[in-house]
Amino acid sequence: MDVLLPALGNVLAPMALLTLILGTLAGMTIGALPGLSSTMGVALCIPITFNMPPELALILLGAVYVSSVYGGSVTAILLRTPGTDASIATALDGYPLAEAGRGGEALGMATLGSLFGGLFSVIVLIAIAPPLSTVALAFGPQEYTVLAIFGLVTIVGVASDRPLKGVLTAAVGLVLAAVGLDAFTGVQRFTFGQSELFDGVPLLPVLIGLFSVSQAFNLCVPAGGGVLTGNEQKLKGRSLPLWHDVRRSLRTMLRSSVIGSVVGILPGAGTSIASFISYNEARRHSPTPERFGKGELEGVAASESANNAVTGGTLIPTLTLGIPGNAVTAVFVGGLTIHGLIPGPSLFTDHAETTYTLILSLLFANVLFAILGLWVCRYLVVVTKVPGAVLGPMILVFSVIGTYALRNAVFDVWLAIGFGVVGYFMERWRYPAAPLVIALILGPILEVNFRRSMQISHWDLTTFFTRPLSLTLCLLVVLALAYPLWTQWRRRKLQR
Amino acid sequence: MRVQSNLLRTIVLGAAGTVLVGGLSTSALAVDYPSKPIEMIVAFGAGGSTDTMARIFAKYAEKELGERIVVVNRPGAGGEIGWVHLANAEPDGYTLGLINSPVVEVYPFTREETVGYSLDEIRPLANVITDPGVLAVAADSPYQTLDDFVGAVKDDPESVVISHEGLGGDDHLAALNFAEEAGIDLSFVAYNGNAEATASLLGGHITAFEGNMSEAASQIQEGKVRGLAVWSDERVEPIADVPTGKEQGYDVQAAASRGFAVPAGVPQEVYDMLLAVTREVVEDPEFRAEMDQLNMPINAIYGQDYVDFINDSHDRLKSLWEKDPWIEQ
């Protein structure tokens, strides 16, 4: 630990602090804009770091990474336009709060949740990264298969008041997830010869369409409308959450941070699984589960602590094993190697000072975005008072630009607009959009890992139950499914 | 073919001595090129290894050309989308792109029905990197040599599971090539990219993995993974302990190569100038040092030699494909 002190010196140097602040601001902005993902933010910064000393380069990349995940929550709450899939679950409760004029409280809770999750995962990274990295290896295709099923089970929670419609949109999502080149045989499935569809229906254009573009239509259509519903056009809520609300959410934050850190360690599992599982667990443990989805501060806390806990988690296998935990950290590895730092145990021995500089800068970036966030959230809420006729077109413009920027493809823009129309009518006819997106994200993970399991086990279906870890996950799935039924049954019995 | 009228306007013959670029006096023609930024198409996402190489190359080439190079990522369909853009770009020298062999030359026949470009529409300029294939097992694996591995597959084909990082990609083709050479049938598990495959190998979920040297080198150097063979003519530097397939009696050569190409129809003067610039960059010791650091082995093949390299590989793989297609139709 004697490297922590020089590393601290690196982070607190004037240039480093300036880089940290600029990186945090840039990350928050990138996260808030639809389509500009954390991956793209980090990738855009890599050429800038070419001529920087390695410490500064890592501070910049780290700050952009953690604050971009947080930045997504701002627009998810205030406008129901999550910039990336990481903050969809945040919008589920955040936006109803904003509509009720309590956007400030929701933003404050999101900030505190993100801070909690971010700090938790960085501390885990500092304290027990090497032993925890074995978790990444213990997960084989069988475990990923069951984890994906676990994620799909959360749809029940997300669409609790309209279960049938939720299952229906999830089914549509699974069908969309089947589009693309079959990774195992090369057969083209529903691609209609369109090379843009070979990799499957791209997630972010669908996400931006269903949430941002449809929201833009929504805001434009009823003349004079805005985010705030009702006639009074007033911001009823406080600008910060009550201490009472924060305190009752602490358990949820802790649970979500653990889930986020563990899911983060698993390469390829994805941030959205963590936030949806955490959201569902928070609902399951809540004394008032019926309030979830209608503006429950705890739901915001669950999703945000989880998605920020993922940031530290993904860096664990990246730094200790050289196996990037997700797309962002894969770009990170590129940035590390350019500066002569080859990910792996040598980072903690030969380059310990630089590595701890990175880790400490994550810590500082978390605190910094929280301070900035708590400070500006009272002003940002004003956006909910802007008339829909002004806000709608602006969201549309940003959505189109963001979608095009994803991979410079006009096809994606049309896709987003198409899904915007679909999303608009889904909203009107009360079909929830989140299950579709969850299914679209988890479908390929489920399919690919199920088929890998079958290839490895030579079509032995018991393989999911003979491995201890996989069996444990199976039991968790059963528990998550059976628990709501059981509580319902007990409640009915008590009523008699 | 597009009419090259734009070109006549763009390429204005100037007086000798207005060459913007030092060290290019071999260029017989002093042309007003480049007079605006050049677009460099990368057919893979930002931050990947192709993208990293492109951006480092661009940094050096900008100095030589005296114009900005804008790297544009057009990822998707395993590179096809980017190559369609490259093939359809105006052949005026203001668009160039990276091509990845062997995948760029196999799509025209493996995706014959739908592919959006043909090799005639792309003119290869120069190869820069050749990243040889590596067959590796976990450090605690019982297999020490290729013979051990082949023996195990022959004894019980079901006991050995090998990953590749994309169907029909260079890793898959390398493993197929090896299986044919050894007379064995391998059961494959498909992964998307190196990270998940490496995690699966280290976790003991698969027996072996087929990947590229640049990706496997750090794991091999740290002793977590054992390279059974490198599919190159000679041993390669960062992992000189790993024997070649040839040394062990399996004559397999497989690699992923990355180089530059322009749309067919680019005027010869511009082609020559870009080739000269590429040569300057690739021979620059600083550029080589940066590539070394990334474990990307330089393999410079210029001009017509590179065109032949791509065409030969195309013909060889096509005849393999016609014998025994590796993707279901």
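Helix α5 of chain B has buried residues, and what covers them includes β4 (122-138), α6 (170-182), β7 (208-212) and β8 (225-230) of chain B. The model is predicted. Over all chains it holds 22 salt bridges, 23 aromatic pairs and zero disulfides.

**Helix α5 of chain B**

- The helix spans residues 146-155, and B:L146, B:F149, B:V150, B:A152 and B:V153 are buried in it.
- These residues cover an arc of only 160° around the axis, so they lie on the same side of α5(B).
- B:K154 and B:D155 are on the other side of α5(B), where they are exposed.
- One of the buried residues, B:F149, also belongs to an aromatic cluster with B:Y143, B:F178, B:W231 and B:Y250.

**Salt bridges in chain A**

- A:R467 and A:E143 join their side chains in a salt bridge, with 2.9 Å from N to O.
- A:R467 sits in the loop between α19 (463-466) and α20 (468-495) of chain A, and A:E143 sits in helix α7 (residues 141-158) of chain A, so the pair ties together parts that are 324 residues apart in sequence.
- A:R467 is partly exposed, at a relative accessible area of 22%.
- A:E143 is buried, at a relative accessible area of 1%. Buried here means under 20%.
- A:D412 and A:R407 form another salt bridge, and their closest N and O atoms are 2.8 Å apart.
- A:D182 counts as buried, with 8% relative accessibility.
- A network of salt bridges links A:D245, A:R248, A:R291, A:E296 and A:E298.

**Aromatic rings**

- A pair of aromatic rings is described by two values: the distance of the centres and the angle of the planes.
- Over all chains, the search finds 23 aromatic pairs. One of them joins A:F139 and A:Y144 edge-to-face, at 5.8 Å centre to centre and 70° between the planes.
- A:F139 and A:Y144 are both buried.
- A:Y424 and A:F425 make an edge-to-face pair too, at 5.3 Å centre to centre and 80° between the planes.
- A:Y424 counts as buried at 11% relative accessibility, whereas A:F425 counts as partly exposed at 34%.
- In chain B, the rings of B:Y143, B:F149, B:F178, B:W231 and B:Y250 form one aromatic cluster.

**Charges over rings**

- In chain A, A:K165 places its charged end over the ring of A:Y431, 4.9 Å from the ring's centre.
- In chain B, B:K36 lies over the face of B:Y94, 4.7 Å from the ring centre.

**Cysteines**

- No disulfides are found over all chains.
- A:C220 counts as partly exposed at 34% relative accessibility.
- A:C474 counts as buried at 14% relative accessibility.

Notes
Residues are numbered from 1 along each chain as its sequence is written. Chains are lettered from A and ligands numbered from 1 in the order in which they are written. Side-chain values use heavy atoms; hydrogens and water are left out. A salt bridge is a side-chain nitrogen of Lys or Arg within 4 Å of a carboxyl oxygen of Asp or Glu. Helices (H or I, at least four residues) and strands (E, at least two) are DSSP runs, numbered from the N terminus. Buried means under 20% relative accessible area, exposed over 50%, partly exposed in between (1.4 Å probe, protein chains only). Rings of Phe, Tyr and Trp (its six-membered ring) pair if their centres lie within 6.5 Å; planes under 30 degrees apart count as stacked, over 60 as edge-to-face and the rest as tilted. A charge sits over a ring if NZ of Lys or CZ of Arg is within 6 Å of the ring centre and within 35 degrees of the ring normal. A disulfide is a pair of cysteine sulfur atoms within 2.5 Å. The arc is that of the directions from the helix axis to the C-beta atoms. Contact means heavy atoms within 4.5 Å.
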